[in-house]
Amino acid sequence: MALQQSQQIFEAIKRSNYPLICVPSGAGADSYASAIGMAKVIEKLKSGGAGSLPDRQAGGSDGKPMIVAADGKAPKNIEFLSGHEQIQPKIENLRRFVIELDASKTKVDELTYEMKEDKLFVYLSPKKGFWNAQDVRTSTSGYKHDLIICIGSPDYESCAHLYSENTDFFFRTPVINIDHTPENEHYGQMNMVDLTASACGEVCHDLIESIEPGLMDEEIATAFLTGMIAKTKSFKTKNVTPKTLQTASKLIAHGAKREHIIQHLYRTRSVATLRVWGRALARLKTDASLHLVWTLLSQQDFLHAGAEEHDLHDVIDELLSTSPHARVVVLLYENSKREIVAIVHVERPLDAIALCAPFNAAGTREEVRLLFANKQIVQVEKELIEHIRKQCSHLISQM
């Protein structure tokens, strides 16, 4: 009998030596927290927890997973979750270049190397005699990671540079695709995509409960509940269902620290964060006919507020709550490199990637990030907002 999808996923995880968990560009706290929770699940599986394989042959990493995120480190408001500090911004040392030397005739006495004009020279000194070209072979090793788990990514492209710089790796390695959005393209060899779920944290909970409920502990439950609370704005969004609330109740029963989560997600705003929010709200502009709102922040605004880029994490949510009828929200800001960054968030059925296609959008259909070099923020505002207005007018006329 064929295994169910959830069983296939667990078998793939159990057999893997070094799984890689990918968080896409534009991901929010839900994808990050769910990735942290899944990493803890995998560690527990590999280290003798419920459902583990004590006699398995572990790889060099002892099966410990690695988390990579296209946008880098976790949002500041979920740094209370242990394991967030291990998230990496890119995939490194994916394969090794192997130099094989036949030393049966003469042994190696000394090995040295040096760099000359971006070229590596390796010097081998024999104890006696010499080697020739026939004694040397070169090759590349297999990929370090033997399983990819994408969380909250509707397609490969949403993984941004993680995918574009390692395309062959993604196509040659089994992929588990975990998501809850209708835009998901079911690109994985195994797809756990639940359209009735409110968040990736809910999907991850359901996956574990269906196969190995004994794996759930306080830390894992807290990570998944963090994702759910962040994604649903503390269970206030339209996609919250009775099942969502039931799942949250189960996670709390497993020890999830709801008050701790709420405290860090919503009650620990720094003065700098509040100041930069105030500057963003003071400059809020709207086009009511198109349900469009946008605002701008210069580098001077950051300096006056004593804020940094990571303090912007919840500004989009703040703008949405201030303008509940908005379907398109745009945040333009000047980063420390004097580049202009635009974050564009849309409500369904709009598609952020399609809407901003001419600007090399990176992210998901719900939210993308754009980068403009050698331009002033007012110039970018004019170009981008005019483009969005034209596109929205055209889309609305077709609805």
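Is arginine 137 buried or exposed, and at what relative accessibility? Arginine 137 counts as exposed, at 55% relative accessibility. The legends below concern a predicted model.

**Figure 1. Overall view of the predicted protein, which contains 13 helices and 15 strands.** The C-alpha atoms fill a box of roughly 80 × 55 × 45 Å along the principal axes. The protein has 399 residues, of which 48% count as buried. Among contacts between residues at least 6 apart in sequence, 67% join residues at least 24 apart. The accessible surface comes to about 20100 Å², and 50% of this area belongs to carbon and sulfur atoms.

**Figure 2. Charged side chains of the protein.** There are 45 positive and 51 negative side chains, and the centres of these two sets lie 1 Å apart. Side chains of opposite charge can pair when their charged atoms come close. The count of salt bridges in the model comes to 19. Three of these pairs are described in the following views, including the one between glutamate 100 and arginine 137.

**Figure 3. Close-up of the salt bridge between glutamate 100 and arginine 137.** The closest N and O atoms of the pair are 3.1 Å apart. Glutamate 100 belongs to strand S3 (residues 97-101) and arginine 137 to strand S6 (residues 136-140), so that distant parts of the chain, 37 residues apart, are linked. Glutamate 100 counts as partly exposed, at 41% relative accessibility, whereas arginine 137 counts as exposed, at 55%.

**Figure 4. Close-up of the salt bridge between lysine 243 and aspartate 194.** In this pair the closest N and O atoms are 3.9 Å apart. Lysine 243 lies in helix H7 (residues 242-253), and aspartate 194 lies in the loop between strand S9 (190-193) and helix H5 (200-211); the pair links distant parts of the chain, 49 residues apart. Lysine 243 is partly exposed, with a relative accessible area of 30%. Aspartate 194 also counts as partly exposed, at 22% relative accessibility.

**Figure 5. Close-up of the salt bridge between glutamate 381 and lysine 285.** The closest N and O atoms are 2.7 Å apart. This pair, too, links distant parts of the chain, 96 residues apart: glutamate 381 is in helix H13 (residues 377-398), and lysine 285 is in strand S10 (residues 285-287). Glutamate 381 counts as buried because its relative accessibility is 12%, under the 20% limit. Lysine 285 counts as partly exposed, at 35% relative accessibility.

Definitions and conventions. Residues are numbered from 1 along each chain as its sequence is written. This is a predicted model: local features need pLDDT of at least 70, side-chain atom pairs count only at pLDDT 80 or more; totals for chains, interfaces and linings use all residues. Side-chain values use heavy atoms; hydrogens and water are left out. Helices (H or I, at least four residues) and strands (E, at least two) are DSSP runs, numbered from the N terminus. Buried means under 20% relative accessible area, exposed over 50%, partly exposed in between (1.4 Å probe, protein chains only). Contact means heavy atoms within 4.5 Å. Accessible areas come from the Shrake-Rupley method with a 1.4 Å probe; for residues, only the protein chains shown count as cover. Lys and Arg count as positive and Asp and Glu as negative; His and the chain ends are not counted. The place of a charge is taken as NZ of Lys, CZ of Arg, CG of Asp or CD of Glu. A salt bridge is a side-chain nitrogen of Lys or Arg within 4 Å of a carboxyl oxygen of Asp or Glu.
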